[in-house]
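Please open the model in your viewer and keep the selection panel at hand.

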Amino acid sequence: MTVLETQSTDTAGTRRLTTAKAMVEGITQEMQRDPSVIYLGEDVGKYGGIFSSTAGLLDRFGGDRVLETPVSETVVLGLANGAPGEGMRPIA
């Protein structure tokens, strides 16, 4: 089941998403479109991020593109700043 299949549609034809589901959908679309996009942060892998905001990304894209960082904002920012120099497009 995809993210799109789990959402309801109201009578006007617009979809209503929780913030977490909208985040997963947007990140998934960008990671599908561009293989240089990586996602990194604390508890974003197996845990699925806060409020499940990254649920399923690790299974779909693997540990090479969904990177679990230590609990350190300095590390997250350091990786996010250095990744573009290696041709990656980070989402932190």
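How many of the residues of β3 are buried? The answer is 5 of 5, which leaves β3 mostly covered; buried denotes under 20% relative accessible area (1.4 Å probe, protein chains only). The model is predicted: local features need pLDDT of at least 70 and side-chain atom pairs pLDDT 80 or more, while totals for chains, interfaces and linings use all residues. Residues are numbered from 1 along each chain as its sequence is written, and side-chain values use heavy atoms, without hydrogens and water.

Select β3, residues 37-41; strands are DSSP runs of E with at least two residues, and helices are runs of H or I with at least four, numbered from the N terminus. On one side lie V37, Y39 and G41, on the other I38 and L40, and all are buried.

Next, display the whole sheet. Its 3 strands form an open sheet in the order β4-β3-β5, with parallel pairing; a pair requires at least two DSSP bridges between the strands. Because β4 (66-68) and β5 (89-91) each have a single partner strand, one side of each is left without a neighbour in the sheet. From one strand to the next, the twist averages 30°.

Now centre on Y39. Its bridge partner in β5 is I91, and in β4 it is V66. β3 is joined to β5 by 3 bridges, and β3 pairs with β4 over 3 bridges.

Finally, select helix α1, residues 19-33, which packs on the sheet and touches β3, β4 and β5 (contact: heavy atoms within 4.5 Å). The direction of α1 makes about 140° with that of β3, where axes are lines fitted to C-alpha atoms, for helices over the stretch in contact, and angles run from 0 to 180 degrees between N-to-C directions.

Key
Buried means under 20% relative accessible area, exposed over 50%, partly exposed in between (1.4 Å probe, protein chains only).
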